[in-house]
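Visitor: I am new to this structure and would like to be guided through it by way of questions. May we begin with the charged side chains and then turn to the helices?

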Amino acid sequence: DRALSGALAAADQIEAAHAKASALSRIAALYTKAGQQQQADAALATALEIANNIRRPYRKARVLAEIGSQFAATGGQDSAALALAQALNTVQTIESASAQAEALAGIAGHHAKLGDQDQATQLLANAVQTARKIERAHSMAVVLLEIAATYAETGEKDEAGRVLAQALATADTIEQAAIRIWTLTEVAQRYADIGYFDQALATASTIEDGSNKATVLGRIAAQHARAGQFSLALETSRGIEFAAPREQALAAIAAAYAAAGQLLQAKQTAGSIEHPGRKARVLVDIAAGYATTGDPNQADETLSEALATAGDIEDPPAKAEVLIGIASRYAQATQQERAAQTLSLAMETANSIADPAARVGILVEIAAQHAAAGRQEPAGRILSRALEEAIAVKPADSQAGVLAAVADGYTSAALQPSDEDKAVLRAL
C-alpha cells in the first residue's frame, strides 16, 4: 500500500494530463490486483476527471477507453460504459481521418476484451471506412495494419485478411522505395501472424531489400512452427540469408518443438543457434519439457548447458532475465540451493545494468523468485533496494510506473515495506 501511495504521489507530479490519467489507470489496476477496491475506484475516478481535461481529442479518446477497461475490471460496469461512451463521443471530434480510424480501432479492442464483440466489430468496420478517406498511401496502409491487428486479436482472422489485402494494395502505390519496402514487410509479417502463409510468401517475394525479406521469412518460419508445421518451418528457415533473422527463426522452431514435446528435435535445433541469449532461453524451455516428461537427468543437464550459455550473454538485462528463468526452473525442480546460487548471479548482473528503471524491474523479478521459495528476508531486502532506486527515477511519469512495479512486487510477495521505507514514501 505504501509503495502504491508513492506511485500515486509520483503520478501527481506528472504535468501532461494524458500521461497522468494513464498512469493513474495503471496504478488502479495494481490496487485491484492487491484487493484494494476502494483505492482502485478512487484512482480511476481521479483519472477520469483528469482525462476529461485532455485537450487533444485523439489522446483523450485513447485514455478514456483505457480507463473504461479498468473500471470494467473492478466491476464498475456503469462507469466503464460511461467512459467508453465518452471515448466514442470524443472520436467524433477528431478531424484527422488517420487519427480517428486509429482511435476507433483502439476502442474496438477494449470492447472486444470486455466481451462486447458486436460493438467491437461495428467499430472496426467504421474504422475501415474512415481509413479509406486518408489521402496519403503510407498513412492509410499503417492504419489498415493496426485495424487488421485488432481484428486478429478479436479472433476474426478472415476480416483481418481482407483488411491486409487492402493494406497491400495501398502499399503497392507508395512511391518512396524505403517506405514501400517497410510497409510491405509489415503486411507480410501480419499475414504470417494470422496463418496466411501463401499471401505472406507472395508479399515477401515483392520486397526489394534482402534484409527485410529475411525478416519476413523468419516470421513465416516461426509461425509455421507454432502451427506445428515443422517441415515447412525448417525449409523456410534454410532460405534465410541473414544470420539474425535465421537464428530468431531457429529459436522459435526449437521452442515450438519443446512445447510439442519433441525434445530431441528441439535440442538438435537449439544446437545450431549461435546467439547465446536465444540459445539459453530455448534450453530453459527444453529443460522444462524434460521435467514434465519425468526425465530429471536430462532436465538437469540441459539447465547446466543453459547456465553455461548464459555466461556468454553480453547485454546485462537480457542476461539477468535468462538467469532468473534458469533459477525458476531449478526451484521448480526443488533444487533450491542451485536456484539461490543462480539468483546471486542474476543480482551481480543486475548491478551492472546502467538504466535505473530496467535495473529496478530486474530486482523486482529476483525478489519474486526468493519470495516464491519462502526466502522472505532476501526478498524484502531486494524490494527495499528496488524501492530506494525507484524513488530516484526521473521524470515523474517514469517514476510512477517504476514505483507501481515495485508495489506489484510487494503485493505478489505478500510483503510490506520496512518502517524506514514507509517513512521515505510518506515524505514523497
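Visitor: Is Arg 359 buried or exposed?

Guide: The model is a predicted one. In it, Arg 359 has a relative accessible area of 15%. The limit for a buried residue is under 20%. Arg 359 is therefore classed as buried.

Visitor: Is Glu 389 buried or exposed?

Guide: The relative accessible area of Glu 389 is 16%. Since buried means under 20%, Glu 389 is buried.

Visitor: Which residues are linked with Glu 389 in a network of salt bridges?

Guide: Glu 389 also meets the side chain of Arg 385 in a salt bridge of 2.8 Å, N to O. These two residues are four apart in helix H21, so about one helical turn separates them. Arg 385 is partly exposed, at a relative accessible area of 25%. The residues linked with Glu 389 in the network are Arg 359 and Arg 385.

Visitor: How many salt bridges does the structure hold?

Guide: Another joins the side chains of Arg 190 and Glu 186, at 3.5 Å from N to O. The number of salt bridges in the structure is 11.

Visitor: Why are Arg 190 and Glu 186 separated by about one helical turn?

Guide: Arg 190 is partly exposed, with 23% relative accessibility, whereas Glu 186 is buried at 18%. Both residues lie in helix H10 (residues 177-193). They are about one helical turn apart because their separation in that helix is four residues.

Visitor: Are H10 and H11 roughly parallel or antiparallel to each other?

Guide: Helix H11 covers residues 197-204, and its axis is 7 Å from that of H10. The two pack at an angle of about 160°. Because angles over 145 degrees count as roughly antiparallel, H10 and H11 are roughly antiparallel.

Visitor: How many nonpolar, polar and charged residues does the contact of H10 with H11 have?

Guide: H10 passes H11 in a left-handed crossing. On the H10 side the contact is made by Leu 184, Val 187, Ala 188, Tyr 191 and Ala 192, and on the H11 side by Phe 197, Gln 199, Ala 200, Thr 203 and Ala 204. By class, these residues of H10 and H11 are eight nonpolar, two polar and no charged.

Visitor: Which residues does Val 216 contact, leaving aside its neighbours within four places in sequence?

Guide: Val 216 is part of helix H12, and at 0% relative accessibility it counts as buried. In sequence, Val 216 and Arg 190 are 26 residues apart, while their C-alpha atoms are 9.4 Å apart in space. Once those neighbours are set aside, the contacts of Val 216 are Thr 185, Ala 188, Gln 189, Ala 200, Ala 204 and Ile 207.

Visitor: Is the crossing of H12 and H13 left-handed or right-handed?

Guide: The axes of helix H12 (residues 210-226) and helix H13 (residues 230-238) come within 7 Å and cross at roughly 165°. That angle makes H12 roughly antiparallel to H13. The crossing of H12 and H13 is left-handed.

Visitor: How many nonpolar, polar and charged residues does the contact of H12 with H13 have?

Guide: H12 contributes Leu 217, Ile 220, Ala 221, His 224 and Ala 225, and H13 contributes Phe 230, Leu 232, Ala 233, Thr 236 and Ser 237. Divided by class, the contact of H12 with H13 has seven nonpolar, three polar and no charged residues.

Visitor: Are H20 and H22 roughly parallel or antiparallel to each other?

Guide: In the contact, Ala 357, Val 360, Val 364 and Ala 371 of H20 meet Val 402, Ala 405, Val 406, Gly 409 and Ala 413 of H22. By class, the contact of H20 with H22 has eight nonpolar residues, one polar and no charged. The axes of H20 and helix H22 (residues 396-413) are 9 Å apart, at an angle of about 0°. H20 and H22 are therefore roughly parallel.

Definitions and conventions
Residues numbered from 1 in each chain as written. Predicted model: local features only at pLDDT ≥ 70, side-chain atom pairs only at ≥ 80, totals over all residues. Heavy atoms only, no water. Salt bridge = Lys/Arg side-chain N within 4 Å of Asp/Glu carboxyl O. Buried < 20%, exposed > 50% of the residue type's maximum accessible area, 1.4 Å probe, protein only. Axes fitted to C-alpha atoms, helices over the stretch in contact; angles between N-to-C directions. Parallel < 35°, antiparallel > 145°, perpendicular 65-115°, else oblique. Left-handed = near helix turned anticlockwise from the far one by under 90°. Contact = heavy atoms within 4.5 Å. Nonpolar A, V, L, I, M, F, W, Y, C, P; charged D, E, K, R; others polar.
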